[in-house]
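Trainee: I have a structure to learn today. Can we go through it by question and answer?

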Amino acid sequence: MIHSEKNRRRAMTLLRILAVAGAYYAAADLGLLRQVTVHGAVVTPLWPPTGIALGALLSLGLRVWPGIALGSLLVIATLNGSVSASTALVVAGNTLAPVCAFLLLRSAGFRPELARLRDGVVLVFLGAMTGMAISASTGTAVLLADGKLPASGFWPVWAAWWAGDVMGVLVITPLLLVLRRLRMPRLTDRWVEGTALLVVAVPGTLLATRSSLSMLYLVFPILIWAALRFQLPGSAPCALLISVLAVVAGTDRVGPFEDHTMLEIMVNLTVLNGAVALTALLLAALVAEQQTVRHRIERACEELADLVDQLAPGRSAAAWPSRSRDERESR
């Protein structure tokens, strides 16, 4: 019985590792559809595998790290057609980056629910910006050591590599954390407003990212609407939509990205996607935190009303909570 339970756990762990590797590889295929070249190095404005890797660690635990390494190895071997010592170094960097980001988040008390503002801040600065510096540094150093990158191109390529990895974490990881705890909504749960948001978001983002009038700022009212009304389950998919359509427009060099060099396009995409991800993540976390505080205050008021009833049985305090609720609703 004990051996069968251990074997079952090992089989489940192996399946999870293989699933992570498969998801990593599939996400890489999607990311490479919009690759660009900076100083001869191939980079992407948005690298989804980093978000897959960190999301898997947060959801499944540290034991699935071999899946990240395996997925990274398959991606690099497919691109290069062979495996070498340089490949092993890049795989190590791609694995260590999300693992170190996960350990930093765990040490900072990060909660995957992202219901607190501090969780959003920690994910941005520790999980994304700090952790992904490892993969960018390792990959760029390997290119420089192999002679595939001139010394003058180290920092531009490092910045592009780092920005793509950071965007993967900021856009993909929150979406995975939402899907982890997502439940089928009831038919009465603001379906009309959600449909209206979708109808506005898609054409609005297409207009903002492909119009020659440089109207990228139009995406932010849509994003704010999604965050205020639907919190992270609304803002995370909206941020993904905006980032993907912006990357497509940037690599096609249309709309506000027309007549710019590829390096300038990468800078513009990094700034836009970073602002979108930060707005979606931090605003949704702030709204969720305020709602949590409000619910606690309401429960405290109800407990206080019950206590007043117990201390003064001859007096009814039922009207006080109702008046408080009416005042809160009127505000």
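Trainee: Is Trp162 buried, partly exposed or exposed, and at what relative accessibility?

Mentor: Keep in mind that this is a predicted model. Buried means under 20% relative accessible area, and exposed means over 50%. Trp162 has 21% relative accessibility, so Trp162 counts as partly exposed.

Trainee: How many aromatic pairs does a search of the whole structure find?

Mentor: A pair of aromatic rings is described by the distance of the centres and the angle of the planes. The search covers the whole structure, and the number of aromatic pairs is 3.

Trainee: Are the rings of Trp155 and Trp158 stacked or edge-to-face?

Mentor: Look at the distance and the angle. The ring centres of Trp155 and Trp158 are 5.7 Å apart, and the planes stand at 70°. Planes over 60 degrees apart count as edge-to-face. So the pair of Trp155 and Trp158 is edge-to-face.

Trainee: Which helix holds Trp155 and Trp158, and how many residues apart are they?

Mentor: About one helical turn separates Trp155 from Trp158. The helix is helix 7 (residues 154-180), and the two are 3 residues apart.

Trainee: What kind of aromatic pair do Trp158 and Trp162 form?

Mentor: Their centres lie 5.8 Å apart, with 10° between the planes. Planes under 30 degrees apart count as stacked. Both residues lie in helix 7, 4 residues apart. The pair of Trp158 and Trp162 is stacked.

Trainee: Now to charges. How many salt bridges does a search of the whole structure find?

Mentor: Side chains of opposite charge can pair when their charged atoms come close. One of the salt bridges joins Arg116 and Asp119. For the whole structure, the number of salt bridges is 3.

Trainee: Are Arg116 and Asp119 buried or exposed?

Mentor: Their side chains meet in a salt bridge at 2.7 Å, N to O. Arg116 and Asp119 are both buried.

Trainee: Which residue forms a salt bridge with Glu193, and where does it lie?

Mentor: The closest N and O atoms of this pair are 2.8 Å apart, and the partner is Arg229. Glu193 sits in helix 8 (residues 191-210), 36 residues from its partner, so the pair links distant parts of the chain. Glu193 is buried at 19%, whereas Arg229 is partly exposed at 38%. The place of Arg229 is helix 9 (residues 219-252).

Trainee: How many residues apart in sequence are the parts that Asp252 and Arg210 tie together?

Mentor: Asp252 and Arg210 form a salt bridge, with the closest N and O atoms 3.8 Å apart. Asp252 lies in helix 9 and Arg210 in helix 8, so the parts tied together are 42 residues apart.

Trainee: Which residues gather in a patch of positive charge on the surface?

Mentor: Start with Arg296, which is found in helix 10 (residues 262-311). Arg296 has a relative accessible area of 51%, so Arg296 is exposed. The patch is Arg111, Arg118, Arg296 and Arg299.

Trainee: What separates the C-alpha atoms of Leu263 and His39?

Mentor: Leu263 also has its place in helix 10. Leu263 is partly exposed, at 41%. Leu263 and His39 are 224 residues apart along the chain, but their C-alpha atoms are separated by 9.3 Å.

Trainee: Which helix gives the largest share of the nonpolar patch?

Mentor: The patch covers about 680 Å², and its residues include Met12, Leu14 and Leu70. Helix 1 (2-31) and helix 3 (65-80) each supply at least two residues. Leu14 is partly exposed, at 48%. The largest share, 4 residues, comes from helix 1.

Terms used. Residues numbered from 1 in each chain as written. Predicted model: local features only at pLDDT ≥ 70, side-chain atom pairs only at ≥ 80, totals over all residues. Heavy atoms only, no water. Salt bridge = Lys/Arg side-chain N within 4 Å of Asp/Glu carboxyl O. Buried < 20%, exposed > 50% of the residue type's maximum accessible area, 1.4 Å probe, protein only. Phe/Tyr/Trp six-rings, centres within 6.5 Å; stacked < 30°, edge-to-face > 60°. Patch = residues over 30% accessible without salt bridge, like charges linked within 9 Å, V, L, I, M, F, W, Y side chains within 5 Å. Areas by Shrake-Rupley, 256 points an atom, 1.4 Å probe, with all protein chains shown as cover. Lys, Arg positive; Asp, Glu negative; His and termini not counted. Charge placed at Lys NZ, Arg CZ, Asp CG, Glu CD.
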